[in-house]
Amino acid sequence: MISNRHIKLFQSLFKGREDIYARRWENEDRDGYMPAYNVDWDKYDKHKALGGTFQNLKHKKPAPAYSSGYPKAPVGKGNDRHLLLTEKQ
C-alpha cells in the first residue's frame with residue numbers, strides 16, 4: 001500500500017508548474033512539449049507569412065491550467081489550432 005509519505009515524496013520530486021500546462025507537438029522527425037498558449041491564429045498566419053515564427057510571435061498568452069478552481073483538459077481531435085478547452089464539471 002502506498003502511504004501519504006510516499007505520495008509526498010513523489011510529488012516533491014516531480015513537481016511542475018501549476019499555472020500553465022504543456023502541449024505535445026510533433027513535426028516530421030522531431031517532437032517535444034511546449035507551454036500551451038491562447039493565440040489569435042489569424043494574426044499568427046499573417047506573422048508567419050511575413051517570415052515570423054511561433055517563438056517570436058508577440059500576440060500570445062500562456063493558457064491557464066486552472067480557471068475557477070477546476071482543472072482544464074484539452075478535448076477534440078485533429079488540428080491543435082481548433083482544440084477546445086473545457087472546464088471539468
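**Entry 1**

I began with Arg-24, which is partly exposed at a relative accessible area of 37%. For the burial classes I used under 20% relative accessible area for buried, over 50% for exposed and partly exposed in between, with a 1.4 Å probe and protein chains only. A note on the source: this is a predicted model, where local features need pLDDT of at least 70, side-chain atom pairs count only at pLDDT 80 or more, and totals for chains, interfaces and linings use all residues. Residues are numbered from 1 along each chain as its sequence is written, and side-chain values use heavy atoms, with hydrogens and water left out.

What does the side chain of Arg-24 meet in a salt bridge? I found Glu-26, at 3.7 Å from N to O. My rule for a salt bridge was a side-chain nitrogen of Lys or Arg within 4 Å of a carboxyl oxygen of Asp or Glu. Glu-26 is exposed, at 63% relative accessibility. Arg-24 also forms a salt bridge with Asp-31, at 3.1 Å from N to O. Asp-31 is partly exposed, with 46% relative accessibility. Shared partners join Arg-24, Glu-26 and Asp-31 into one network of salt bridges. The count by this rule is 2 salt bridges.

**Entry 2: the chain as a whole**

Next I stepped back to the fold. I counted 2 helices and 7 strands in the protein chain, taking both as DSSP runs numbered from the N terminus: helices are H or I with at least four residues, strands are E with at least two. Their order from the N terminus is α-β-β-β-α-β-β-β-β.

Of the 89 residues in the protein chain, 15% are buried. I get an accessible surface of about 7,900 Å² for the protein chain, with 53% of it on carbon and sulfur atoms; the areas come from the Shrake-Rupley method with a 1.4 Å probe, and for residues only the protein chains shown count as cover.

**Entry 3: aromatic rings**

How many aromatic pairs does a search of the whole structure find? It gives 4. Rings of Phe, Tyr and Trp (its six-membered ring) pair if their centres lie within 6.5 Å; planes under 30 degrees apart are stacked, over 60 edge-to-face, and the rest tilted.

I looked up Tyr-37 with Phe-54, an edge-to-face pair at 5.7 Å centre to centre and 65° between the planes. Tyr-37 sits in strand 3 (residues 37-39) and Phe-54 in the loop between helix 2 (41-49) and strand 4 (60-62), so this pair ties together parts 17 residues apart in sequence. Tyr-37 is partly exposed at 23% relative accessibility, while Phe-54 is buried with a relative accessible area of 19%.

Trp-41 and Tyr-44 are also edge-to-face, at 5.6 Å centre to centre and 90° between the planes. Both lie in helix 2, 3 residues apart, about one turn of the helix. Trp-41 is partly exposed at 24% relative accessibility, and Tyr-44 is buried at 12%. Ring pairs link Tyr-37, Trp-41, Tyr-44 and Phe-54 into a cluster.

I also checked the face of Tyr-37: Lys-60 lies over it, at 4.8 Å from the ring centre. My test was NZ of Lys or CZ of Arg within 6 Å of the ring centre and within 35 degrees of the ring normal.

**Entry 4: the ends of helix 2**

At the start of helix 2, a side-chain oxygen of Asp-40 comes to within 3.1 Å of the backbone nitrogen of Asp-42. After helix 2 comes Gly-51, with a positive phi near 95°.

Terms used:
A polar contact is a pair of N or O atoms within 3.5 Å; within protein, one must be able to donate a hydrogen and the other to accept it, and residues adjacent in sequence count only if both atoms are side-chain atoms.
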